[in-house]
Amino acid sequence: MLDKKKIKEKLEKERDMLLEQLRDIGKLNPETNEWEATPEERESRESDQNDMADRFEDFEERSITIRALESRLNNILSALKGLNRESFGRCEVCKKDIEMDRMEVNPAAKTCKKHLNG
Ligand SMILES: [Zn+2]
């Protein structure tokens, strides 16, 4: 039997952690409901060419990080949503229980180890 309470706690903890990281480098656009990178605040107000290029690179990096965090977050949110469903913790392919050690590493897992890649 899967320990749903334990998994729920783990999911919520990870969700909060991801939200914290997202808020650090971006903000949620209420119109699109998507996270967007915010430009880094700099102490100096100089805006020579190099600085502009740096800023652009930082912004690009932030955007990439945000996409990755966001996709993890969406995974967690959908796992949390599915937690109360009968099918939670069961492989989508073979319908068998997903290994507990796999669920502990990735509570949002939807397939067992055998069907990891398909
Ligand atoms: Zn399976």
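**A zinc site in a predicted model**

Let me begin with the zinc ion, whose donors are spaced along the chain in the pattern C-x2-C-x17-C-x2-H. Donors here are N, O and S atoms within 2.8 Å of the metal (3.2 Å for Na, K and Ca), and since water is not among the atoms, sites may look incomplete. The protein donors are Cys91 through SG, Cys94 through SG, Cys112 through SG and His115 through ND1, and they lie 2.0 to 2.3 Å from the zinc ion. Within this set, Cys94 and His115 link distant parts of the chain, being 21 residues apart, with Cys94 in the loop between helix 2 (49-82) and helix 3 (100-105) and His115 in the segment after helix 3. Helices and strands are DSSP runs numbered from the N terminus, where a helix is H or I over at least four residues and a strand is E over at least two.

Residues are numbered from 1 along each chain as its sequence is written, and side-chain values use heavy atoms, with hydrogens and water left out.

Why is the arrangement around the zinc ion called tetrahedral? The 4 donor atoms subtend angles of 100 to 115°, and that makes the arrangement tetrahedral, a label given to four donors if all angles lie between 85 and 135 degrees. For four tetrahedral donors, the ideal angle at a metal is 109.5 degrees.

Turning to the whole protein, we find 3 helices and 2 strands, which follow the pattern α-β-β-α-α along the sequence. The radius of gyration is 19 Å, well over the 13 Å that the globule rule gives for 118 residues, so the protein is more spread out than a compact globule; this radius is taken over C-alpha atoms, and the rule is 2.2 Å times the number of residues to the power 0.38. The C-alpha trace spans about 60 × 25 × 25 Å along its principal axes, and 30% of the 118 residues count as buried.

Lys8, which lies in helix 1 (residues 4-25), is 75 residues from Leu83 in sequence, yet their C-alpha atoms are 7.5 Å apart. Ile25, also found in helix 1, counts as buried at 16% relative accessibility, and its C-alpha atom is separated by 9.1 Å from that of Phe59, 34 residues apart along the chain.

Finally, let us look at two backbone angles. Most residues other than glycine have a negative phi. Asn33, however, has a positive phi of about 60° although it is not a glycine, and its place is in the loop between strand 1 (26-29) and strand 2 (34-37). Lys95, in the loop between helix 2 and helix 3, likewise has a positive phi, near 65°. Asn33 is exposed, with a relative accessible area of 56%, and Lys95 counts as exposed at 57% relative accessibility.

Key
This is a predicted model: local features need pLDDT of at least 70, side-chain atom pairs count only at pLDDT 80 or more; totals for chains, interfaces and linings use all residues. Four donors count as tetrahedral if all angles lie between 85 and 135 degrees; four count as square planar and six as octahedral if opposite donors are over 155 degrees apart and all others between 65 and 115; anything else is irregular. Buried means under 20% relative accessible area, exposed over 50%, partly exposed in between (1.4 Å probe, protein chains only).
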